[in-house]
Amino acid sequence: MPREASAGGIVVREQAGELEVAVIRPHGRSLWALPKGHVDPGESAEQTATREVWEETGLRATLVAPLGEIRYVYQFRGQRIFKRVHFFLFRYHSGVLGDIQHAGQRVEVDEARWVPLVRVASLLGYKGEKAIAARAARMLLRAGSPLAVSGRPPEQGDD
């Protein structure tokens, strides 16, 4: 069975004392998702996640910590493919959410928005991404969110 690897991230910012997460609505879809994409040859999962966050949201963000991975099998053109998606927690640095007009790039995202951290898991359309978002929320809330978002590494075993 062919294998694929992707990576993505949960970008968090503090706005008026509330933590918010950047989510996207992929092109042609009605559901909300986290920014993610294929790992390019020679790229690490961390590099891919950073690139995909920028390409799909328009945001520059600092990687804070790994959040784990989801695994699943999907079918494409009659072939079953095993997929692993690595996710990372990011702290928002700069950029305007939704400013994703990159020259020569195909349209991958129809809409992007900030969503309160406490609502993001229920909003996301994919089961695995819901679990990753819930893990990020627990990690941030347990760590006293401003510390984790400002770059303090989470305690080992946090999830």
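## Ground rules

Helices (H or I, at least four residues) and strands (E, at least two) are DSSP runs, numbered from the N terminus. The expected span of a helix is 1.5 Å times one less than its number of residues.

The model here is predicted, so local features need pLDDT of at least 70 and side-chain atom pairs pLDDT 80 or more, while totals for chains, interfaces and linings use all residues. Residues count from 1 along each chain as its sequence is written, and side-chain values use heavy atoms, leaving out hydrogens and water.

## Helix α3

Take helix α3, residues 127-142: its 16 residues reach 23 Å from first C-alpha to last, close to the 22 Å expected. Its buried residues (under 20% relative accessible area, 1.4 Å probe, protein chains only) are Glu-129, Ile-132, Ala-133, Ala-136, Ala-137, Met-139 and Leu-140. They sit on the same side of α3, because they cover an arc of only 165° around the axis (the arc of directions from the helix axis to the C-beta atoms).

An α-helix has 3.6 residues a turn, so residues three or four places apart point the same way. Over on the other side of α3, Lys-127 and Leu-141 are exposed, meaning over 50%.

## Aromatic pairs

You'll find two aromatic pairs here; rings of Phe, Tyr and Trp (its six-membered ring) pair if their centres lie within 6.5 Å, with planes under 30 degrees apart stacked, over 60 edge-to-face and the rest tilted. Tyr-72 and Tyr-74 are tilted, because their planes are at 50°, with centres 6.3 Å apart.

Tyr-92 and Trp-114 pair edge-to-face, 5.7 Å centre to centre with 90° between the planes. Tyr-92 lies in strand β5 (residues 79-95) and Trp-114 in strand β6 (residues 109-116), so this pair ties together parts 22 residues apart in sequence. Trp-114 is buried at 18% relative accessible area.
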